[in-house]
Amino acid sequence: MDDKMTYEQAVSRLDEIVSMLEKNESSLDEALALFEEGTKLTAFCTKKLNEAKAKITELEKD
């Protein structure tokens, strides 16, 4: 995963991964690799959302 990836790019890639997995056309190894990538992207998105929430909370205090 690219460190310069945006939240929106990560969500877009997650959508692609879900679509690919739903088609059920990947080999087991490919599906596992996609699942692993999706897990990392989910963690990345969660981190970005938590950072945004913390920033909003901090701004509301001011």
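**View 1. Helix H2, end to end.** Helices here are DSSP runs of H or I with at least four residues, numbered from the N terminus. H2 covers residues 28-61, and its end C-alpha atoms sit 49 Å apart.

**View 2. The buried residues of H2.** Leu34, Gly38, Leu41, Phe44 and Cys45 are buried, meaning under 20% relative accessible area with a 1.4 Å probe, protein chains only. What they pack against is helix H1 (7-23). An α-helix has 3.6 residues a turn, so residues three or four places apart point the same way.

**View 3. Where H1 meets H2.** The two axes, lines fitted to C-alpha atoms over the stretch in contact, come within 9 Å and cross at roughly 150°. That makes H1 roughly antiparallel to H2 (over 145 degrees between N-to-C directions). Contacts (heavy atoms within 4.5 Å) include Leu14 and Ile17 from H1, and Leu41 and Phe44 from H2. By class, this contact has 13 nonpolar, two polar and three charged residues.

View 4. Asn24 is exposed at 67% relative accessible area, where the cut-off is over 50%.

Residues are numbered from 1 along each chain as its sequence is written, and side-chain values use heavy atoms, without hydrogens or water. In this predicted model, local features need pLDDT of at least 70 and side-chain atom pairs count only at pLDDT 80 or more, while totals for chains, interfaces and linings use all residues.

Terms used
Helices (H or I, at least four residues) and strands (E, at least two) are DSSP runs, numbered from the N terminus. The expected span of a helix is 1.5 Å times one less than its number of residues. Axes are lines fitted to C-alpha atoms, for helices over the stretch in contact, and angles run from 0 to 180 degrees between N-to-C directions. Angles under 35 degrees count as roughly parallel, over 145 as roughly antiparallel, 65 to 115 as roughly perpendicular and the rest as oblique. Ala, Val, Leu, Ile, Met, Phe, Trp, Tyr, Cys and Pro count as nonpolar, Asp, Glu, Lys and Arg as charged, and the others, Gly among them, as polar.
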